Amino acid sequence: MDLKNKRVVYHVPGMENVTVRRGVEYAGPLTLDLYYPPGYQPDEANLRPAVVIVLGYPDAGVPTFFGCQFREMGMMVSWCQLLAASGIVGVVYETSKPTEDVNSVFSFLQKNGGALGIDKTRIGVWSASGNAPVALSVLMSGKALCGVLFYGITLDLDGATDVARSAAAYHFANPTTGRRVEDLLKDTALFLARAGRDQFAGLNEALDRFLVAAVRCNLPVTFANHPTGPHGFDYEDDSDESRQVIRCALAFLQAKMRAPTA
């Protein structure tokens with residue numbers, strides 16, 4: 001199966017029955033898609049938490065390479081479906097300038113949350129791989145309640161340059177250059193998923209340093225290590241171990257965001 005059609009290897013009842021609102025303009029011509037829990041209609045008297053899937057790569061060139069935008073890829077669609085089926089509104093968007101556009105997404109949700117059925121005080125982020133530095137920048141700004149990072153490229157700490165080299169090689173946005181774990185708010189809950197057999201040089205080394213620093217700072221961190229998991233294990237590795245990490249990430253979000261049963 002080609003990458004654009006690969007889906008998350010975990011399934012929950014109702015995820016195919018979620019309601020999707022596509023093409024909502026959030027900044028000029030840029031649009032986002034909203035995935036709602038089954039049967040839910042936006043209601044200001046019954047607002048739901050939301051999770052934004054944060055992107056660190058511009059969509060320019062992506063359709064040529066994959067045949068679709070990031071938000072249309074099977075992994076993104078299925079993660080949004082999982083979120084919605086777990087009682088959380090999934091949000092995924094198109095981007096041309098990742099660092100700027102994610103701020104526009106959050107501004108849009110803060111301004112229009114009620115009409116969209118979203119509780120603006122309960123918005124989190126999910127991100128993976130080279131998209132993670134942009135998600136970390138959102139968390140450092142205090143705009144998100146919590147964050148889930150899957151095999152995420154994090155920060156260059158203790159004089160390391162692994163993240164900077166990866167950003168130069170793979171062309172993802174790196175707005176947290178020079179930042180420290182101490183820049184995260186003390187009450188920002190994090191879920192870190194590590195791929196034990198990640199094939200990208202320096203990624204796990206950076207993640208390990210980040211985890212140690214987060215624990216030293218006594219941050220509310222939940223850590224899941226998939227010892228045999230490759231990069232992208234949530235859609236590449238159809239195993240009980242992968243499903244367990246995904247299940248734990250969803251439970252983390254439900255608990256931290258006080259999500260109702262869908």
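Helices (H or I, at least four residues) and strands (E, at least two) are taken here as DSSP runs, numbered from the N terminus. On that count the protein chain comes out with eight helices and eight strands. The model is a predicted one, so local features need pLDDT of at least 70 and side-chain atom pairs count only at pLDDT 80 or more, while totals for chains, interfaces and linings use all residues. Residues are numbered from 1 along each chain as its sequence is written, and side-chain values use heavy atoms, with hydrogens and water left out.

First, the overall picture. For 262 residues a compact globule would come in near 18 Å, and the 17 Å of the protein chain agrees with that. Buried means under 20% relative accessible area, exposed over 50%, and partly exposed in between (1.4 Å probe, protein chains only); 58% of the 262 residues count as buried. With contact meaning heavy atoms within 4.5 Å, residues 24 or more positions apart supply 73% of the contacts that have a separation of 6 or more.

Next, the strands, where two of them pair if DSSP finds at least two bridges between them. E1 (19–27) and E2 (30–36) are antiparallel partners over six bridges, with Thr19 opposite Tyr36 in E2. They make a hairpin with two residues between them, and Gly28 in the turn shows a positive phi of about 60 degrees. E2 also runs antiparallel to E4, joined by four bridges, and Leu32 faces Tyr93 in E4. E3 and E4, by contrast, are parallel over three bridges, and Ala50 has Val89 of E4 as its bridge partner.

In a regular strand the side chains alternate between the two faces of the sheet. Both faces of E4 are covered, with Val89, Val91 and Tyr93 buried on one side and Gly90 and Val92 on the other. Five of the five residues of E4 are buried, so this strand is largely enclosed by the rest of the structure.

Helix H3 (residues 98–116) has a kink to report. A straight helix of 19 residues would span 27 Å at 1.5 Å a residue, whereas H3 spans only 23 Å between its end C-alpha atoms; the expected span is 1.5 Å times one less than the number of residues. H3 bends by about 50 degrees at Gln110, the bend being the angle between axes fitted to the seven residues ending there and the seven starting there. Buried residues of H3 include Val102, Phe106, Leu109 and Gly113, and their cover includes strand E5 (118–128) and helix H4 (132–141). Just after H3, Gly117 takes a positive phi of about 80 degrees.

Thr176 sits in the loop between helix H5 (162–170) and strand E7 (189–195). Thr176 is buried at 3% relative accessibility, and its contacts beyond four places in sequence include Pro133, Met140 and Leu155.

Finally, the cysteines. A disulfide is a pair of cysteine sulfur atoms within 2.5 Å, and the structure holds zero of them. The sulfur of Cys248 lies 15 Å from the closest cysteine sulfur, in Cys146, too far for a bond. Cys248 is partly exposed at 31% relative accessible area, while Cys80 is buried at 0%.

Terms used:
Rg over C-alpha atoms; globule rule 2.2 N^0.38 Å.
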